[in-house]
Every structure is written in C-alpha cells, then in structure tokens.
Amino acid sequence: MFITTLLNALPGVVAQGLIWSIMAIGVYITYKILDVADLTVDGTMCTGGAVFIVLVTGGWNPWAAMVAAFLSGMAAGLVTGLLHTACGIPAILAGILTQLALYSVNLRIMGQSNRPISVDKYPLLVSARNVRQAALSNPILVCVLFTAATIGALYWFFGTEQGCAVRATGANPNMARAQGINTNFTTVLGLMLSNGLVALSAALLAQYQGFADVQSGRGAIVIGLAAVIIGEVLFSKVFRNFALKLLAVVFGSLIYYLVYQVVILLGLKSDDMKLITALIVALFLAVPYWKGRYFAKRTGKGAGSHA
Amino acid sequence: MLELKNIYKTFNPGTVNEKRALQGLSLSLADGDFVTVIGGNGAGKSTMLNIISGAYSVDEGSISIGGVDVTRLPEYKRAPYIGRVFQDPMMGTAATMQIEENLALAARRGQRRGLRTGISRAEREQYRELLKILDLGLEDRLTSKVGLLSGGQRQALTLLMATLKKPQLLLLDEHTAALDPKTAAKVLSATEQIVRRDNLTTLMITHNMRDAIAHGNRLIMLYDGRVVVDVRGEEKSRLTVEDLLEKFNQASGSTEADDKLLLS
C-alpha cells in the first residue's frame, strides 16, 4: 500500500527534485566554489516566480519571461555582491539584508502575497497537471532539459579564463589578487550567476505548481545546502569531474525530495519538513567534524587542537 | 625600476597596538638588481613587500615601478608588474585546483580574462617542460590538485607561477623559511637559476644571513622601518657575517651584537 502510494508520487518527486536541483546548483556556486554562504536565495526563490507570473499574465512569451526571471535573480545577486564588496558588509549579512529587502520587493512585484497562473490560459513550459502523462508536455522532460543545459553551460563557463578566475577567488583570494584577478568583480559575478539560476528555478517552480507565493522561498538556502551536501557525501568518491559534481547535486536534490515524500507519507505534515531539513543539514555538516576529532584522537596527532 | 620614496606606514594608529612599521623608507632599485633584505622581527621587511604589492596602502610616500606611479593602484592592478612568493606555502597557490590550472591562472597575470578556454593544449606541453626545471617530478602530475603537494613543492610551484610571465619585479618574502633545509636549498637554487636566466629585478627577504650574503648583487638591512645598511657590488661580494653584525651595531646604535635580532 505504502509502496504503491510512493510509486504514484514518484513522477512528481522527480519533477520537483529536478526543478529544485537548478536552485541547488546555484547554491553550489556560492557555497562550494566561491566559499560564501549566500542567504539572498531565500528571497530570489520567490522573485523569479513572481517576475515570471506577472510578465506572462501580462502577455509576455513564457521563454522571454524565463529570461527576465533569470535577470531579476542576477540583479538580486548584484545587490548582495555590491553590499559585500563595495560596502564591506560580511557576505552572510549582505545576503540577509537583500533577502529582507526582497520580501517587500516581491510583494510589490506581485501586488499580493500569492499570484496564481493557470496552465489552461497560458502556454506554460511545465505543469504539475501533466506529470503522469507520457507526452512531450510532461514536465519531467522539460526539467531534464533545463538541468542538463544548466550543467553544460556551467561546465563550459568554469573552464573559461573568467570562470577559472571565479574558482581561484573562492579557492584562495590572496593568490587570485596576486595573479591580477579583481576578486571583488569575480565575487559579484559568482553571486549574480548563482542568483540568476535560483530565479530560473523559481520561475519553473511557479509554473509547475501554478502559483508564486511570497513565502515560497523560505528556507530555500537550507534545501539547496541539503542537496549539495547529500550529493557530496554520497557521490564525491566516484564523481570527480566538475560536470559530474554538478550531477551529484542534482541527485542530492532528487534524493532530498524522495525522503521528503517518504516522510510525508509516513504522516508528517509538510510544515514539519523545515525542521527535518535543518536536522539533516546539521547532521551532514557535523559528521565530518566529529569524524575528524575522532580520528585525530585515535592517531594521537593534534588531539584537541580542533576546538 | 622600483622607486620607494619616503614611505610611512602605521598599523592601528592611536591605539595601544599602534605599530610604526615603516618610517621614511626610501629605496631605489636598478634594472636587474637582485637585492637581499635582512633585519630583525618588526623591522618592516614584510610590510615593505606588502606595500609594494598593494596588499597594504601607504600612509605617506610614493611607489613607482618602471616609471609608473602605482601608489594608489589596488593590488590586482599592480599584479601585471609583480611576481610574488609568500612565506606561507599555502598562500601562493589554489589548493583545490589542478597544478596546470594554477599555472594557467599565472600565465594570464596582467591580461584581460575573457571567455576563451582557461587552459589550452599547447600550454600544457609548455608547463610540462617548465616543471622539469624544478626537478620535483611535478611534470607528470599536471592534473593533480595542488592541495596534495608538500609545502616545498607548493613553494616551488608558486615560484614558477610568479615568474611564468616575466615580472618587472619579483618579491620573495622569506619564501624558504617554512621549508626543511634540504627543500629550502632546492627552492633557493631554483630561484637563483630563474632570476639569472630572466635577469629579474628581485627583492628577497631572508632570515638567513649566509643566504643574504651568498645571493644577489646587493644587500639591504632594515631597522625601525628604514634602510640602515646598503651594500652592493664588490663590497657585497666580500661581506662576512661578522661585517654584517658590526654594521648592524653601528646603524642601530647598540653596543652589543644582538644576533638574535638578526637571526631569529
């Protein structure tokens, strides 16, 4: 009985997992590549959807609206980046400030706290309604294409001179500056790219679920981190190539939504998921630390020096 | 080539931690000068290199490299002129990137970085050849992550990166101090070889007076944020450790030779 229900829910799990994986890849760029925890994404995860819905209901072509959503995310990243680099505000705080400001901005964009959009009236790219159909309109197909295109584009970009400069900035900013890299510029660029992807993911999500809500980004950063960390813990031994590491993030996101579904079927409410997500992330972050301490004591090297 | 004029730099001014690191430092380097720099802790050696590279800004004075006034330029805009190797082997390389990627970053020092490929096939061959000079077996490990290398290997790699694109000025901040004696000797001989080959204008800080005497055509001693001893050419080649101690005493006005201050 439980298995049948789970199997029935599976297509939806895959679609959601794929949509959120684009967001998680955005988080990967800041958290793993730039070495910055960017909390802007909680706001951007609404902005992208809000911009998309408002434009499409206003008569825009959905593809053009997707581009606009991406740009809106980049603008949010630009604000955080400038608060951090030009104003000297610590990255975490800069992200929190932008996130807070975006709450008001998102309400202004939508005009209300929740904006619906119907797949019957507008030519949306994805919709939850078609998730069980064996047709081209199945959202899983479109989501796979978007995820693959994202990975492909990022694989190319981070192999270019500019992309290498962004990676060097995250790896060792001192070295980057000594090699003539303007680390302020590369940091802003990375934040813009990251938030652009988050907004793109948000635009897909808004279409998929048929609405954008001012609350829909709450806790997004933690979900993104969960996907990144699950992917890393499970696949870092086998996936060494950069494209495969991004694929690991996608798998992490899919696994997260599978666990999500299982927990819901076990009788917990979706509201409980924030607590569970936080616990998962805390646990996965703590385990390597505990492991380090444990092994440090066993080998007698530098015991107690971790504190 | 390098012109430092009357530089002042004070850290934490107006607090109990106030530290006057440079006090009227002036120094002029000719093209091709290989200058070794000695001085006790707190004499201002590292601060001098950091204000040249732009890691710190100056309170007063001016800095020019090859006739260009760089006093107000940020660190990354001075990078086209300057190659640097730091004391800490971790500082000069990106641990999570491959050896060849690190070299490719260095090869583009001072160039506009666009959307061309970050590393080309022709470059790889060139890097393989260059790594052979170091004699550390790195030429077969181009795609290894730099984090896997030892401190000495990383320092040698940083040296190669600093000189990959011929800099107008090479700054070495006690770049062998954190290495074991054998590796330090290896890195130092590679340094000598590269500096000679490319006739690089070089400032090398060292804590080791014998190294300071053995290398370069000129030696300066800093004390209290100023140059107090400056020997070159013939005189430099005849210099002994005893001479240096005496010069230090004269300059500092102290009556006893405090080796500790110099050799610490």
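Predicted model: local features only at pLDDT ≥ 70, side-chain atom pairs only at ≥ 80, totals over all residues.
At what angle do helix H5 (residues 139–157) of chain A and helix H10 (residues 242–265) of chain A pack? H5(A) and H10(A) pack at an angle of about 145 degrees, and their axes are 9 Å apart, with H5(A) passing H10(A) in a right-handed crossing. To see the residues that meet there, show A:Thr147, A:Ile151, A:Leu154 and A:Tyr155 in H5(A), and then A:Phe242, A:Ala243, A:Leu246, A:Leu247 and A:Val250 in H10(A). By class, this contact has 8 nonpolar residues and 1 polar residue, with no charged residues.

Next, select A:Tyr28, which, apart from its neighbours within four places in sequence, is in contact with A:Ile33, A:Val228, A:Leu246 and A:Val249. The largest nonpolar core has 163 residues, and A:Tyr28 is listed with A:Phe52, A:Ala69 and A:Ala168 as those having the most contacts inside it.

Then turn to where the two chains touch, a contact that takes 19 residues from chain A and 25 residues from chain B. On the side of chain A, H6 and helix H7 (173–178) each supply at least two residues, and H6(A) gives the most, with 8 residues. By class, this side has 7 nonpolar, 9 polar and 3 charged residues.

Finally, select helix H3 (residues 99–107) of chain B, where 8 of the 9 residues are buried, so the helix is largely enclosed by the rest of the structure. Among the buried residues are B:Ile99, B:Glu100 and B:Glu101. What covers them includes helix H6 (161–171) of chain A, together with helix H4 (121–134) and helix H5 (151–164) of chain B.

Definitions and conventions. Residues numbered from 1 in each chain as written. Chains lettered and ligands numbered in written order. Buried ≥ 20, exposed ≤ 12 C-beta atoms within 10 Å, placed from the backbone. Helix = DSSP H or I, 4+ residues; strand = E, 2+ residues; numbered from the N terminus. Contact = placed C-beta atoms within 7 Å. Core = buried A, V, L, I, M, F, W, Y, C linked by C-beta atoms within 7 Å. Nonpolar A, V, L, I, M, F, W, Y, C, P; charged D, E, K, R; others polar. Axes fitted to C-alpha atoms, helices over the stretch in contact; angles between N-to-C directions. Left-handed = near helix turned anticlockwise from the far one by under 90°.
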